[in-house]
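Hi,

Here is the structure I promised to pass on. My notes on the fold follow below it.

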Amino acid sequence: FLMRGDTCSALSYLNAMGEALKSEVPIVDTGNPSVDAVVTEKLTIAKKLGVSVTHTVGLQPNLQIDAMDLTIAAGSCLDNAVEACSGVIAVGRPAFIELKFVEQRGALVFHLRNSSLPQTASDDALPETTKTDRENHGFGLRNVQKIVRKYGGKMSLSGGQSEFTTS
C-alpha cells in the first residue's frame, strides 16, 4: 500500500492486524493484504461478540481475480454472517461462523456457514434486507452475485431454521 502511496489502506491494514493480534483469531494470510485485512477484521469482530469462529484460508498470490472484487465479496458475506450471529446471540443461543476460502483445482472456493435466525433463501432469490432503511441497505449479496457472475462462477445460498450458507 505504501509503495503505491495508499496510506489510508495501509492504516486500515495495520489497524486490523493490530486488533487481530489482541484477539484469539489468528491473522488470516491469503497472500493479498487487502483481503487479509478485511477477513481478519470481520472474524475478529465475530470473536469479540462471542461467536465460535473456524476458518481455512489459502489463496495463490497469482489468482486472476481483482483484489477489490475479492475484498467486496468476502467483506459483504462476512458482514452478513456477523450480523446474523449477533441476532442469534441476542436471543441467548450460541453462534458460529465456519469459513472456507481456498483455491482448489484452479477454482476459487468460498464457503461460509453461520448461525442465523430462521431465514429462507435460494439460489434464485436473494434474501431481503432485514433493516428498516431499505433504501441504503440490501446491496451486499447483489454485489457479490455480480462479482461471481463477472468471473463465470456460481453462487449458492441456503437458509434454514438455525443456519445460513453462502458458497
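Three bridges join β4 to β5 (residues 163-166), and these two strands run antiparallel; strands here are DSSP runs of E with at least two residues, helices are runs of H or I with at least four, and both are numbered from the N terminus. Within this pair, leucine 157 stands opposite threonine 166 in β5.

A word on the source: this is a predicted model, where local features need pLDDT of at least 70, side-chain atom pairs count only at pLDDT 80 or more, and totals for chains, interfaces and linings use all residues. Residues are numbered from 1 along each chain as its sequence is written, and side-chain values use heavy atoms, with hydrogens and water left out.

How far apart are the end C-alpha atoms of α3? They are 34 Å apart, which agrees with the 34 Å that its 24 residues should span at 1.5 Å a residue (the expected span is 1.5 Å times one less than the number of residues). After α3 comes glycine 92, with a positive phi near 85°.

Happy to talk it over.

Best wishes

How values were computed. Two strands pair if DSSP finds at least two bridges between them.
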